[in-house]
Amino acid sequence: MKKKRKVIRLSLISVVLLGFLFLHFYVPRFITEIKNPLIVSFKSKQPPQTTESFKNSSLNGKALQIPSFDGTPLSCYITYSNDTVTKGTVILLHGIRSRKEHFVALSERLSLLGYHAVAVDLRAHGQSGGTHCTFGVKEKKDISKLIDYLIQKEKITTPIGIWGQSLGGAIGLQAMGSDKRIAYGIIESTFTDFETITHDYFRFHLGFNWKPLTHYLVHRAGKIANFNPEEAKPIAYCEKITQPIVLVHGNQDQRIHIQYAKENYAAIPSLQKEFLEIDQANHLNVWKVDGEGYFEKVIAFIDKNLSKQTDEKLVSKEIHSFSIGNINNDKIPDSAFVMLEKKLDTNQIEYLGDVTITFSKKIPEIQLNRCLGIFITPIDDLNHDEANEIIVFSKTNEGWWHNIFVFSFYKESWHQIAKTNAFITDDEGFKSRIKIENGIYYLLGNDKLNLDEKGNFLKTKIRI
């Protein structure tokens, strides 16, 4: 009986020990090791796909083999624009355990619309080298090396964008946040951070999740794959994205909840961002559910923002400075600065809209609206605080009319103490705008509605 108990005890210890060894050494590999034989055997068999899938296309293209930052070879295929004018270049990033051939049809679509399409086998996927996926930590650097190659070897000068799905979307967000050469992004069905989505995937595939165990496995996987899981956080890179971007998610996605997309979207400071919620779509069928309308929306977004970037290239930005005397009474001369934009083809100042006047030292800004041009000059000390005031001429879009402001700086802030309008046709019009009568200061301007006998606008004076 004692011998039997001993055998049972040793058997239990052996089972526990083997279970621990399996958890410690093998299970973490299920998370990062893409070509793990056991996982591959579980997956349904797929028809073999190689670069021949692209070569069967009638469009011009070629396979690329690019060494990454750590020497890992990246397999790509570039399909060149089939239009006479190339609008841009789109890097296509697939989901986990997929491959670049997933984008054969999309590459052809983009080519016919005037875009180069570069489909990538992510590291450890398809024909690319590497064993482990690092969920963006190393892959974002791979994308930067790919961009280097496209610019230096392929001589690509058009704006380069990212179109990523699921894992590819997570990599796309991290790449956009770290490499500002990426001009725009289309990000589909992705997550906020690696560990959170691993918890969700355990629950989705196994029906349960014990967070302490999953946390252990995630960090063990990081050690095996030689990366820090804490760095695989797309949402942290969202905070750095200022480029145009579209986030897309199906509201029936059970693998990656749409809430993660909304959190990523909220974290992005870009002023050109859109969110597309695809009704009734799950993780895998966004394209199918929304059909042609989806591609039309995405391409329209890319076209619109590329045209804006092209317009910006035709504009020259210049900083104009103005000497404004001693504003804050520290006996040191101060300066004001305004950013102006000129069209390169006409050398004309662009309509600026809202303008910010900045100053030297720690003097606060002044904001002006509806401005075509700016002129700033110091004037006498009007309020007897031993520091001079400034007068600001803001050209409007009404011909020669200017708004004229008098600002005084006291108690560490600006105060507008007078405002009028003036019809100014030459430099003399900027002079002698302040008049003193009986010890009272007046700001001189013009009446827009009334003329004198000679047909000139009547003069006005505003008490300061």
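Strands here are DSSP runs of E, at least two residues long, numbered from the N terminus, and two of them pair if DSSP finds at least two bridges between them. Strand 18, residues 440–451, is joined to strand 19 by six bridges. In strand 19, Lys 459 stands opposite Asn 446.

A word on the source. This is a predicted model, where local features need pLDDT of at least 70 and side-chain atom pairs count only at 80 or more, while totals for chains, interfaces and linings use all residues. Residues are numbered from 1 along each chain as its sequence is written, and side-chain values use heavy atoms, leaving out hydrogens and water.

Now the aromatic rings. Rings of Phe, Tyr and Trp (its six-membered ring) pair if their centres lie within 6.5 Å; planes under 30 degrees apart are stacked, over 60 edge-to-face, and the rest tilted. The structure holds 21 such pairs. Phe 135 and Phe 194 are stacked, at 4.2 Å centre to centre and 25° between the planes. Both are buried, meaning under 20% relative accessible area, where exposed is over 50% and partly exposed is in between (1.4 Å probe, protein chains only).

Phe 375 and Phe 393 have centres 6.0 Å apart and planes at 45°, so that pair is tilted. Phe 375 is partly exposed at 32%, and Phe 393 is buried at 1%.

Technical notes
Helix = DSSP H or I, 4+ residues; strand = E, 2+ residues; numbered from the N terminus.
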